[in-house]
Amino acid sequence: MAASIRLRRIGAVAAVAGGTYFTLLSNPPVASSDRGASGPALTDIKQKIADPFASVPSRAVQESALIGSSTSNPLDVLVIGGGATGCGVALDAATRGLRVGLVERDDFSSGTSSRSTKLIHGGVRYLEKAVFNLDYGQLKLVFHALEERKQVIDNAPHLCHALPCMTPCFSWFEVIYYWAGLKMYDLVAGRRLLHLSRYYSAQESVELFPTLTRKGKDRSLKGTVVYYDGQMNDSRLNVALACTAALAGAAVLNHAEVISFLRDEGTGRIVGARIRNHLSGKEFDTYAKVVVNAAGPFCDSVRKMADKEAKPMICPSSGVHIVLPDYYSPEGMGLIVPKTKDGRVVFMLPWLGRTVAGTTDSNTSITMLPEPHEDEIQFILDAISDYLNIKVRRMDVLSAWSGIRPLAMDPNAKNTESISRDHVVTEDFPGLVTITGGKWTTYRSMAEDAVDAAIKSGKLSPANKCMTYNLQLTGADGWDPASFTILAQQYMRMKRSYSGKVVPGVMDTAAAKHLSHAYGTFAERVAAIAQNENLGKRLAHGYPILEAEVAYCARHEYCESVVDFIARRSRLAFLDTDAATRAVPRIVQILAAEHKWDKSRQKQELQKAQEFLETFKSSKNAQFHDGKHN
């Protein structure tokens, strides 16, 4: 009886999805970018961003541009927040010909945007809910996310790629259910499909994923269904957005915090902000016709700066992830269980030579440096152990982190019962447009909606419509997966030994691939520094990250601190906390030479890096007593 009900549900799902697909196909959602982004303006911007000799304006120049605004000559848009959405807003507005400034109190991608699942996805579970609940609006969101998924990958192919994800099936019903559901996912993707999903037998599955268990508690593997989603290097994608916005004319400044708003004395409208540069301690005023609040989980605190009585619109949720050695998952194949026995999603994905596993979804408080709780780490370990044939050990955890998802509630809605995974754009105080919610995959269209709202609010006059749909980010133009061979063949890694002697070394495949994927067509600049400035040594044993990258990021990517480098420019803190700890002293030396730090600043950077890394709960910095973990 239960099986027949389940099969009828599958039939209903297929019928509804098929009907909805053809309804949307006959009237597809068209982005405004598809209606106006062409011509010489787009060509000029693309050439400026793709210029192999292009260099972002210095930090001093960017700060001067912000200080140079006035009541008589304001910026068009001032963005608060340097995450994916904020940098996306700055890029969108700048490429429309608007005068744009952006400030971020910490670093680009220092919050939620660097602590994501690393997936660019349409939402398999959202599709399931949409169809079972006959929710046409939710299904449209999945269509839209799948369209944006493909565009994110196309706009930064060096930082993003398609990833096959295996869904294990321990009953024949699950085989039929997941096969039908994932074929539906393919159907919804339409022309934006990455690759077709397919079924693999149990034997084929364990050949593809050797650590996948064939036997469980009173169950045996019947096979798997493999489908495709996208994967990214999230913080480097965010930094690329910031640098692309800077090349397009936006004045972007990290480590600069809005401490109060400036208001028009007559109308009370917000006309700018008082900003504090955290590196120099200097404060200054920046005027703008519209301020866009893209502060992620912190957007409510920005709104309360404007109006103490502002209703909260953020419901924060904690997502914890752990990083395990590479042998937990094969290279190029992920494992995703859409629904475990307690209803949660569990995944293991290969990422930058290691395995990232997660995740949790629980209520949390909003803090600058969220930390994973031990019970959350243990939940992930216990959950993945049900699907693996190897012993899952706490001591294998190389790094663990927590990110805060800013789930949004519309403050203007009549009830707050439904918390959305979609984004919300609102202007609940004159001159302050807030954009929050959503997800990494849809950052570009979120930014487009926010800029549209800002134009309406400030009665701005953009030179053209949104151009970001087909706009490749820095390092993407002309890049292809074989680009690393140029580095391997044409550059050497000149390494300075402890005795001071310079020793030549080959640009090995691992280092060449790493540079090519991290920096795209700008990788040759990094390789040239490694070769010509004797900075070709690896920063940490077992990782292809080079000393030259520290110098390059300080010069060309607004890397202003040790934490900026270990967490956002490279991903060493996320990949291996203890390797990052060992690399910190050398990173301090290189950044001190680049930024002319004195001894006091160097000591301060060492301490800040140590405090930051302590929030990443690897096995070695966790607490043990009597051989058991506390």
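I began with Glu257, whose place is in strand 10 (residues 256–263); helices (H or I, at least four residues) and strands (E, at least two) are DSSP runs, numbered from the N terminus. I note that the model is predicted, that local features need pLDDT of at least 70 and side-chain atom pairs count only at pLDDT 80 or more, while totals for chains, interfaces and linings use all residues. Residues are numbered from 1 along each chain as its sequence is written, and side-chain values use heavy atoms, with hydrogens and water left out.

**Entry: Glu257**

Is Glu257 buried, partly exposed or exposed? I found it partly exposed, because its relative accessibility is 21%, where buried means under 20% relative accessible area, exposed over 50%, and partly exposed in between (1.4 Å probe, protein chains only). Leaving aside residues up to four places away in sequence, I listed Arg105, Arg274, Ile275, Arg276 and His278 as what Glu257 touches, contact meaning heavy atoms within 4.5 Å. With His278 there is also a side-chain polar contact of 2.7 Å; such a contact is a pair of N or O atoms within 3.5 Å, and within protein one must be able to donate a hydrogen and the other to accept it, while residues adjacent in sequence count only if both atoms are side-chain atoms. I also looked up Ile80, which is 177 residues from Glu257 along the chain, and the two C-alpha atoms are separated by 8.3 Å.

**Entry: His255 and strand 9**

His255 lies in the loop between strand 9 (251–254) and strand 10, and it counts as buried because its relative accessibility is 8%. Among the residues that His255 touches, not counting those up to four places away in sequence, I noted Arg59, Glu104, Asp107, His278, Glu560 and Asp564. Asp107 is 148 residues from His255 in sequence, yet their C-alpha atoms are 5.8 Å apart in space.

In a regular strand the side chains alternate between the two faces of the sheet. I checked this for strand 9 and found both faces covered, with Ala251 and Leu253 buried on one side and Val252 and Asn254 buried on the other. Strand 9 pairs with strand 2 (residues 100–104) in the parallel sense over four bridges, pairing requiring that DSSP finds at least two bridges between the strands. Within this pair, I see Gly101 opposite Ala251.

Which residues of helix 15 are buried? I recorded Ala511, Ala512, Leu515, Ser516, Ala518 and Tyr519, and their cover includes helix 10, helix 14 (484–490), strand 21, helix 16 (523–532) and helix 17. An α-helix has 3.6 residues a turn, so residues three or four places apart point the same way.

Strand 21 (residues 492–496) is joined by five bridges to strand 22 (residues 502–506), and the two run antiparallel. Met494 faces Pro504 across this pair, and in the hairpin, which has five residues between the strands, Gly500 takes a positive phi near 100°.

**Entry: cavities and a pocket**

I counted four cavities of 30 Å³ or more. On a 1 Å grid over the protein atoms alone, a cavity is a set of points where a 1.4 Å probe fits but cannot get out, a pocket is an open set with protein on both sides within 12 Å along at least five of seven lines, and lining residues have an atom within 4 Å of a point. The volume is the space filled by probe spheres set on the points, which are joined across faces, edges and corners.

The largest cavity has a volume of about 190 Å³, and of its 19 lining residues, Cys243, Thr474, Phe522, Tyr552 and Glu557 lie nearest its centre. Helix 10 (234–247), helix 15 (509–519) and helix 17 (547–556) each supply at least two lining residues, and helix 10 gives the most, with five.

The second largest pocket holds about 1200 Å³ of space. Its lining has 44 residues, and the closest to the centre are Glu331, Trp351, Leu352, Gly353 and His517. Which element gives the most to this lining? I found helix 15, with six residues.
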